[in-house]
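Subject: Structure handover

Hello,

Here is the structure for you to look through. Please open it first, then read the notes below it.

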Amino acid sequence: MLEQRRVLATEIPGPRSRELQARTAAAVAAGVGVGLPVHVTEGAGGILRDADGNQLIDLGSGIAVTGVGNGNPRVVEAVTEQVRRFTHTCFMVTPYEPYVAVCERLNALTPGDHEKRSALFNSGAEAVENAVKVARVATGRPAVVVFEHAYHGRTNLTMAMTARSMPYKHGFGPFAPEVYRVPMAYPYRWPGGPEACAADALRVVTDAITTQVGAENTAAVVIEPIQGEGGFVVPPEGFLPGLADWCREHGVLLVADEVQTGFCRTGDWFACDHEGVVPDLVTTAKGIAGGMPLAALTGRAEVMDAVHRGGLGGTYGGNPVACAAALAAMESMAEDDLAGRARDLGKILGDRLSLLARRYPQVGDVRGRGAMMAMELVSDPDTREPDAALAAAVSRGCHERGVVTLTCGTYGNVFRFLPPLAIGEDLLHEAMDVLEESLAAALS
Ligand SMILES: *Cc1c(COP(=O)(O)O)cnc(C)c1O
């Protein structure tokens, strides 16, 4: 296994990566942006090795995907074994057991002990699309309610559901109809302050649905229990349970988009578990299969089974190799207590970031849960003016020093931390030292 050590063999990106980047520019569509142009040749645990022999500490997990670690031995073995047996049949043509086993696991692990059914897809966006399809059939209603700062994907329907224009939607419209956006319970930026946020937001949101959409026209409210791309916005305690209650009272389905938050990332199997929220439908992807492309929709049996035969599916959905990977990844999460690991990593991240917040007023907010933490950077702590330039500068500093970091947020000013749950604590501390150095350099 790749040595769990940061190595700076050349400047970053090095000459081989720069060569490959020239080929990239000539061959790959310009619309596919790259955050840190080092071309990776190997990865394991918390380390990515590039074409120049640099070894970078990974604080992104390929956007919360490789939670169990790149090249997790259980996943590698399961995938290898499955590839040898068969690679594809299409489950809708001739089924196979690993697909069924993944659905059984998801039905058991997702919040709530009611009877459930699952269906498998290829990407998070596809899972969200199918959540909307199922919700519309099950309720006979057209409208879908989503939130400010939401991110649900890049297909036409999920672009409509995603909040941010640039770069996700800009120029790509017109978008799917019957999608309505309401304010997000965002404590740091709530006009009445964080204490008022839960009750205020619940009133504003339910009032907007009632008066502008009509509960009786609303199939589903779709929410990320902690927002991902939109800035790791954690709704205040009470908001999600209140929303779930309101939905239940009005026959509106609550869809939790757990694509980024799922699979131990936040210190529980799912982010909804934290407050005991039981959604009607749950979408998952990213961390589900140790890096193999797989997504799922899991929900109440009577809701899922409302769809006519043949109404759900796709050629590759629930590919057997991806299913084998998911079963191995979920076994690793349970056996290695990765939820507990996420809580331990979250404590380290939270402590280190809080120290930075005390030292630098530009660190306006530190938030998140488990191994899904962020700091929001502002130019002035009083006006809370977002500072995307600072986030970009700190990011550049981390990259040059061999740490893979990600930013996010509607204003591009949120620095997010998504280390593999398999990362060593010494490596995480070292990465936070690099962050500190890069922040100090950017502010000097
Ligand atoms: C990434 C993401 C999606 C889209 O998933 P893809 O696999 O990129 O299609 C949807 N919802 C959330 C919350 C996400 O973080």
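First, the ground rules. This is a predicted model, where local features need pLDDT of at least 70, side-chain atom pairs count only at pLDDT 80 or more, and totals for chains, interfaces and linings use all residues. Residues are numbered from 1 along each chain as its sequence is written, and side-chain values use heavy atoms, with hydrogens and water left out.

**Ligand site**

Which residues surround the ligand? They are Ser123, Gly124, Ala125, Tyr151, His152, Gly153, Glu224, Asp257, Val259, Gln260 and Lys286. A residue counts as near if one of its heavy atoms lies within 4 Å of the molecule. By class, this shell has three nonpolar, five polar and three charged residues. Here Ala, Val, Leu, Ile, Met, Phe, Trp, Tyr, Cys and Pro count as nonpolar, Asp, Glu, Lys and Arg as charged, and the others, Gly among them, as polar.

Look at the polar contacts next (pairs of N or O atoms within 3.5 Å). A polar side-chain atom of Lys286 is 2.7 Å from a ligand oxygen. The backbone takes part too: a polar backbone atom of Ala125 lies 2.8 Å from an oxygen atom of the ligand, and one of Tyr151 lies 3.4 Å from a ligand nitrogen. On its own, the ligand has 380 Å² of accessible area, and the protein covers 83% of that (Shrake-Rupley method, 1.4 Å probe).

**Cavities and a pocket**

Both are found on a 1 Å grid over the protein atoms alone: a cavity is a set of points where a 1.4 Å probe fits but cannot get out, and a pocket is an open set with protein on both sides within 12 Å along at least five of seven lines. Lining residues have an atom within 4 Å of a point. Points are joined across faces, edges and corners, and a volume is the space filled by probe spheres set on them.

There are four cavities of 30 Å³ or more. Why does the largest cavity lie between domain 1 (15–71 + 337–443) and domain 2 (74–335)? Because both domains give residues to its lining. The domain bounds come from an automatic or database assignment.

The second largest pocket has a volume of about 570 Å³. Of its 19 lining residues, Phe91, Tyr99, Ala119, Gly310 and Leu312 are the closest to the centre. Strand E4 (residues 116–121) gives the largest share, five residues. Helices (H or I, at least four residues) and strands (E, at least two) are DSSP runs, numbered from the N terminus.

**Backbone details**

Ile12 and Pro13 are joined by a cis peptide bond, with omega about -5°. Pro13 sits in the segment before helix H1 (15–27). Phe263 has a positive phi, near 60°, and is not a glycine.

Best wishes

Technical notes
Polar contact = N/O pair within 3.5 Å; in protein donor to acceptor, adjacent residues only side chain to side chain.
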